[in-house]
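These are my notebook entries on a structure that I went through element by element. I begin with the terms and then turn to the sheets, the chain as a whole and the contact between the copies.

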2 protein chains.
Amino acid sequence: MTERERRGRRGRRGASEGVEETKRATSYRKLRNTFAPQQAFSEDRVAAMHDTALRVLEELGIKVLNEDARARFKAAGATVDEDWMVRLDRGLVEEAIRTAPSHITLYGAGPEDAVGLGGPDIAFVGVGGAPHISDLDGGKRPGTMEDAANLIRLAQEFDVIHILAPNVEPQDVDTHIRHYEMSRAQLTLATKPPFVYARGRPQALDCFEMIRIARGLSPEAFAANPYCFTVINSNSPRQLDIPMCQGIMDFAEAGQPTLITPFTLAGAMAPVTMAGALTLAHAEALAGLTLAQIVRPGAPVLYGSFTSNVDMKSGSPAFGTPEFVKAALGAGQLARYIDIPWRGSVGTASNAPDEQATYETLMSMWGNLLGGAHWWQHAAGWIEGGLTASMEKFILDVEMLQIFAETLVPLGADDDEIGFDAIADVAPGGHFFSVEHTMSRYRSAFYEPMLSDWRNFGQWTEAGSETASTRANRIWKQRLADFVPPPVDPAIVEALDAFVARRREEGGAPPVS
Amino acid sequence: MTERERRGRRGRRGASEGVEETKRATSYRKLRNTFAPQQAFSEDRVAAMHDTALRVLEELGIKVLNEDARARFKAAGATVDEDWMVRLDRGLVEEAIRTAPSHITLYGAGPEDAVGLGGPDIAFVGVGGAPHISDLDGGKRPGTMEDAANLIRLAQEFDVIHILAPNVEPQDVDTHIRHYEMSRAQLTLATKPPFVYARGRPQALDCFEMIRIARGLSPEAFAANPYCFTVINSNSPRQLDIPMCQGIMDFAEAGQPTLITPFTLAGAMAPVTMAGALTLAHAEALAGLTLAQIVRPGAPVLYGSFTSNVDMKSGSPAFGTPEFVKAALGAGQLARYIDIPWRGSVGTASNAPDEQATYETLMSMWGNLLGGAHWWQHAAGWIEGGLTASMEKFILDVEMLQIFAETLVPLGADDDEIGFDAIADVAPGGHFFSVEHTMSRYRSAFYEPMLSDWRNFGQWTEAGSETASTRANRIWKQRLADFVPPPVDPAIVEALDAFVARRREEGGAPPVS
């Protein structure tokens, strides 16, 4: 049995029998986090933070701007005062924590697209919600539908990206029809689970219908399993706005997961201490997931965390900082305390896909890994604090994610791998290049990078002294040029088109705020 | 008590009383690794690797090119055959492991320069042994004494660098007098513990004498504590060359630490499996440290590890790869198994201080952190697989090391830090900028980066759209321009100069090989 077979790496791109294998086969789907989580706080202080969050919801409350959501909270036993402040009894929150699932499987078009979230199962997701796009050729500019489609293509192209994302805002498409175009692009250019905007009930219902068409599901079958997701950001501190509440309710009702993610910048919309910022975020996430469980006990939710700090001189948000990493470790402890899958965040404040973007991003990725995040949001393509999606950064990040995926594969150490006989085979000062122990393994032993250039200085110089971001520019263009969309039944495409045409004729669905 | 005071951060650069504090005080000396080590192998397989390494030394042996070393091994009970193969009984190795210390304190000029190595105590050390220097202005070129002196200045300038290193080879100084110039530069431009070349006994004794002059130590006082170090690389597989053996013996005799570091590239001079490469490295390190303990039981040694993989197409060495990270975790397990402080390695194969250099370096740094390395060698300035020291990379790495140092500071989570009252102080949708909880902490709450630029896109563009490596270029020049050498007693400088003048007149000390 070869090393490669032992590791189960013979993926869909494996070479056929009898054909010379030129590229190591890899599969980065179904990743499992093999690293032990690190602790930012002692267990008793995690309990104290959880308890304080319950106190915040019980004594201070959370302002709920959506009338229906207030009514649902009230019917479940919460008190609601005249200025829309909802106070949640801790028993209500604890019951919601009990009914929320600990593991979620999110389905795409085929069995290989299914993504586990929870326990050791983790997933990587690209940049979401950037108003701008940039590349080294054209610089920064408003996002378009073509840019969004290109980022969907790249997300489909790399199997280390597991779920689609609201990558860039297609600002050339009106907001009352944008969700149609984004859903159609996700469902025809990719097979991976799509996102859906939480911009009011009409848009959500439209997108659910399109997903049912694409996946061939009855409303009941759709509601029985997760097939898409949305992101819910609370308005920290202590406020849930109208569309966010509506999204929680619509998705819970439809059995679709919400990522309930307070965006708490310590020292700005949250306490300046990371413990305080995490406690506030925890309270807000608990309020959101309680609403989901009130609507439908057992509704899939992810505990979202996006806690970082600001530059205290300018108020600018920062990402991938020491505080960010420690907050990710702490958020993981809080998520495990309530045993709900959690979505972490990857980020950088850098304005370019440069060295700063690289180290801030990689530090935040390590925070996700060691914090045990199940869902790494914004893990490819994000720069400028999320204001811009960068094509080159997407490639840089995919390379880093592939390195993580390979790092998660345990090393073997059976007697043959320890290799006393191989060591005995080579004389002092000799080399292992041609021994059988090497020859039988070398094709598959090591990760082959996509972006890293390991040539020597002379070869690299002769080839133009390209830095990694310049090579990334070539790579994304080549990958897009070579992209082959997945086969989609023409009848499905026709049905999607007909649905969109009808709904556009009916006036579309303007976002609700 | 302020947050800053609680953390004990008021360092030597703290603001005076009554003066407006403009910069957060930091101190990155005396770092402690607060992260739990990660495991690459199960404990029983670590034991199997250790046992296999003992078998390698017992049954296969290690070739020892140095006659005196062979005699020492033989006198201690090893068998030595006619082709210089030394076979070590496992009892001899186990006794050496017992006598080698578990913790080392390495001393510099002052108490604040002392560095702990072992247990939680860790240290960061810059690039060593690069033949070339590069910067963005002048490109790559052979190293000179001025380059080496500049890298000593930078190592002294940043307190996150704890120990000096043989940064770049000063090729403009002849090898029979190079050690004088390097020692003089280290002892007059810096206060941190210096390195000494292991290029034969005469050079080592010269350097020991210079250190005794600079530190005002008798030979006995010098031999009683570590004041310098050297790096010993075995000639993998299974070979110890003449100067390396000599270095181990000379340093052990003088009570000075050696970093016994097999450089095992899996698939080249070591088995292609990481378990095999680590086992071979372990055997070689055990042979070296056994020699040190034979010479002087209790001599300080560091268990060195530099195991990575090669590009199996070209044979080029690679660093910061998934295999590299896992090897660092495994090396840490082996080092803890024998309970000896261990030196890890940081690296990249990139030819420029670019994004690839950044992620490969940062991945390898995380391998060191999570592997529990006590000594992070090559942690600032290394590019091109160690062939070049890059000035910009030095700054990039110092920024990353500072981020690590800050990440190692535990977060507080007492009741005031969790901050129920602060959360209660801010209304839903409000902000925390001006509350007392923030105001009393904001100056010191967060790391202030040296290199990262958190300005918004407009400000960054107006300022010239500099990427991080371009900013790093400005920073190292400014730091060198502003550098103030530490005060050194003129009598010491005079004595050093007199010693060097005399030894040069006597013909210097050519390297021995």
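I count two strands as paired if DSSP finds at least two bridges between them, and I take helices (H or I, at least four residues) and strands (E, at least two) as DSSP runs numbered from the N terminus. I note that this is a predicted model, in which local features need pLDDT of at least 70 and side-chain atom pairs count only at pLDDT 80 or more, while totals for chains, interfaces and linings use all residues. Residues are numbered from 1 along each chain as its sequence is written, and chains are lettered from A and ligands numbered from 1 in the order in which they are written.

**Entry 1: the four-stranded sheet**

I looked up the open sheet of chain A with the strand order β9-β8-β19-β18, and its pairing is mixed. Its edge strands are β9 (139–142) and β18 (382–383) of chain A, each of which pairs on one side only. I find β18(A) antiparallel to β19 (residues 388–390) of chain A over two bridges, with A:Ile383 opposite A:Thr388 of β19(A). Helix α13 (residues 391–407) of chain A lies across β8 (132–135), β18 and β19 of chain A and runs at about 65° to β19(A); for such angles, axes are lines fitted to C-alpha atoms, for helices over the stretch in contact, and the angles run from 0 to 180 degrees between N-to-C directions. Contact here requires that the C-beta atoms of two residues, placed from the backbone, lie within 7 Å.

**Entry 2: the seven-stranded sheet**

Seven strands of chain A form another open sheet of mixed pairing, in the order β1-β7-β17-β16-β14-β12-β10. Because β1 (31–32) and β10 (230–232) of chain A each have a single partner strand, one side of each is left without a neighbour in the sheet. I find β7 (residues 121–124) and β17 (residues 375–377) of chain A running parallel, joined by two bridges, and A:Phe124 stands opposite A:Trp376 in β17(A).

Which residues cover the two faces of β14 (residues 301–304) of chain A? A:Val301 and A:Tyr303 lie on one side and A:Leu302 and A:Gly304 on the other, and all are buried, a term that asks for 20 or more other C-beta atoms within 10 Å of the residue's own, with C-beta atoms placed from the backbone. Strand β12 (residues 258–260) of chain A pairs with β14(A) in the parallel sense over three bridges, A:Thr258 having A:Val301 as its bridge partner. β14(A) also runs parallel to β16 (residues 342–345) of chain A, to which two bridges join it, and there A:Gly304 is partnered by A:Arg343.

**Entry 3: chain A as a whole**

I list 19 helices and 19 strands in chain A, and buried residues make up 58% of its 513 residues. The C-alpha trace of chain A spans about 85 × 55 × 45 Å along its principal axes.

**Entry 4: the contact with chain B**

The contact takes 96 residues from chain A and 95 residues from chain B. On the side of chain A that touches chain B, helix α12 (residues 355–371) of chain A gives the largest share, eight residues.

Conventions: Buried ≥ 20, exposed ≤ 12 C-beta atoms within 10 Å, placed from the backbone.
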